[in-house]
Amino acid sequence: MSVEPFNKLVKLAARAFYDDITTKGDNQPKTGRSDNRGIAVVVLDALTRRQWVREEDLAKDLKLHSKQLRRTLRFFEEEKLITRDHRRETAKGAKIFSAAVAATADGQHPTKEGEEKIKLHTHSYCCLDYAQIYDVVRYRMHRMKKKLKDELDEKNTVQEYICPNCAKRYTALDALRLISMDDEYFHCESCNGELVAESDKLAAQEGGDGDDNARKRRREKLRDMLDKLEVQLKPLVEQLTRVKDLPVPEFGTLQAWEARASAAARSNGDSSGNDPSRSSQGLGGTPMPFLGDTKVEVAFSGVEGKGEGIKSEAESTSLKVLPPWMIKQGMNLTKEQRGEIKQEAKMDGSSVAVEFSDDKKSTESDDKKNLQDEYVKAYYAALLKKQQELEEAAKKQQELSNTSLFDGLSGTSSGRQVGMKSKRDEDEGDDVEWEEAPVAGNSNENYKVDLNVEADATAEAEAEVEDDDDVDWEEG
Amino acid sequence: MFFHIVLERNMQLHPRHFGRNLRENLVSKLMKDVEGTCSGRHGFVVAITGIENIGKGLIRDGTGFVTFPVKYQCVVFRPFKGEILEAVVTMVNKMGFFAEAGPVQIFVSNHLIPDDMEFQSGDMPNYTTSDGSVKIQKDSEVRLKIIGTRVDATEIFCIGTIKDDFLGVINDPATA
């Protein structure tokens, strides 16, 4: 999908048709300063270098007053060259767009996270509509040629008449109503003014109508114009034919384009470009493909020899030499996803459940707690061995998970609150996020231990699996 | 173009026509009502050629009128774009001339008159070639081509051209 030929088309059309367009009203005096002819060409050229763009940004880039730009853009909208979109949005919503822009233009990434304003602003966006431009230009050329040709052979055209007083137009089909009994002319229905034939206006400024010579001259003039039109618009016609069979670049609606742009940024592994869009949008659709990678992680626990049968199978099949960054990316998303779901599922019951389980634990299921503690100790012994290779981030992670585990279940609830999205944004970044998901997972498993008394062994195994996930992310 | 088609119409008949001649009265009233009218859909009804079927009459409440659904065959005339017609000139002026082909009015504007014909004003306004051999004036017969029609619900108006091969005056009353 190459935009280049279409851009050339736009530029040619801009210079051919919109070169001397001025957006000022006719009533304003045209001083040298306010003469803004040529601005249309500049704006169109600027738009060929962009996709969707916020009009304020465009105005800033072009060093134009936004009012002036808007007037030009409205003109182009009427000409059906561009599509525009207006929406009321918060500062945050504007940020989504900035992220998308950064993703496509791979310019500097927006790093500043302004505090959220509740105030809504209406922002306008505009974008070239290439498919329509192609049609519009073709139609325009067709009309120009048809008008000249029709007038040239004066054949099969319905004569038009115009009232010089009130500018009302009639066609020859109205002739029956227009004749007056008094004289041989047509008269306007509304003001009774004498109508003049309209087609004489374009080519015939000569006095003396109906003169044989004048008619000849007019024909010559028309033919001249037609020839000139052919010659001068030749580059445009050539560009049109060149573009004819090419697929038209399509940016879709503003929303679709934003979603696609941010998705593209994500798949590029562009983590910094990733952040703002995810934090603000949290696209649900894209993480799904990464679910497969999750299994890889789960299976990785089998390396330590504690995995279950099925999972180790999965490991043997899918434990390929995956590049660590890829695992990180996949885990990141799915974990987040999973954590969210669990949070949602448990959120209402969690406050109750935590208390409830605490009571339970303290009163009746101390033995289980002991068992779990033992398991935890054993696990951390194994973990410590591994952690000699790990970096500082891992240590931090361990501390956090330690606290969450050793504090018992009461700690998990607070941990979960830490893991709320809003905080995540401003914190250290990705590392923190990855940690949170397993915390939620752990707590979940622990609930299982409490509530499903008979299934504690498997629950433990699962809990361990989850913990192992921790280790993997630390590695990555 | 002429068509022979079957149309249907609900005729209302006054009770005074009831009797032996009810059918004849019905048909004559139909002819009086329909012939010469114009509908945008079918064109001008030129003549009724026969009655297909007269349905059961229905007495209207309150009036005593009876409504008969009548199916009748008729000849209609409907002008079409591109059709060639022969017409009689009815009026000539600076803007062109008007002509009639049966019930249809046609306007030929001056730029659809050949370039070599000039408008001559005066007692008998006309369009004449420079050598005076061809003259279009009132009551001239011209062959013209319809290039546009305006079809309303009850009216059809056409514009024509004589600026083409084999179009123009076919019978000049002045020379005849």
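**Stop 1: a loop in chain A**

Select Asn192(A), which sits in the loop between helix H7 (175-178) and strand E6 (196-197) of chain A. Helices (H or I, at least four residues) and strands (E, at least two) are DSSP runs, numbered from the N terminus. This is a predicted model, in which local features need pLDDT of at least 70 and side-chain atom pairs count only at pLDDT 80 or more, while totals for chains, interfaces and linings use all residues. Residues are numbered from 1 along each chain as its sequence is written, chains are lettered from A and ligands numbered from 1 in the order in which they are written, and side-chain values use heavy atoms, with hydrogens and water left out.

Asn192(A) has a phi near 60°, a positive value in a residue other than glycine. Most residues other than glycine have a negative phi. Asn192(A) is exposed, at 55% relative accessibility. Here buried means under 20% relative accessible area, exposed over 50%, and partly exposed in between (1.4 Å probe, protein chains only).

**Stop 2: a loop in chain B**

Next select Asp139(B), in the loop between strand E11 (135-136) and strand E12 (141-151) of chain B. Asp139(B) is not a glycine, yet its phi is positive, at about 75°. Its relative accessibility of 44% makes Asp139(B) partly exposed.

**Stop 3: salt bridges**

How many salt bridges does a search of the whole structure find over all chains? The search finds 18, where a salt bridge is a side-chain nitrogen of Lys or Arg within 4 Å of a carboxyl oxygen of Asp or Glu.

Select Asp174(A) and Arg150(B), whose side chains form a salt bridge (2.5 Å, N to O). This pair crosses between chains: Asp174(A) belongs to the loop between strand E5 (169-171) and H7 of chain A, and Arg150(B) to strand E12 of chain B. Asp174(A) is buried at 9% relative accessibility, whereas Arg150(B) is partly exposed at 25%.

Move to Asp135(A) and Arg138(A), another salt-bridged pair (3.3 Å, N to O). Both residues lie in helix H6 (residues 130-153) of chain A, three residues apart, about one turn of the helix. Asp135(A) is partly exposed, with 40% relative accessibility, and Arg138(A) is partly exposed, with a relative accessible area of 41%.

The side chains of Glu77(A) and Arg84(A) also meet in a salt bridge (3.4 Å, N to O).

**Stop 4: a buried strand residue**

Select Tyr161(A) in strand E4 (residues 160-162) of chain A. Tyr161(A) is buried, with a relative accessible area of 2%.

**Stop 5: one side of a helix**

Finally, select helix H10 (residues 234-243) of chain A, whose buried residues are Leu236(A), Gln239(A), Leu240(A) and Val243(A). These residues are on the same side of H10(A) because they cover an arc of only 105° around the axis. The arc is that of the directions from the helix axis to the C-beta atoms.
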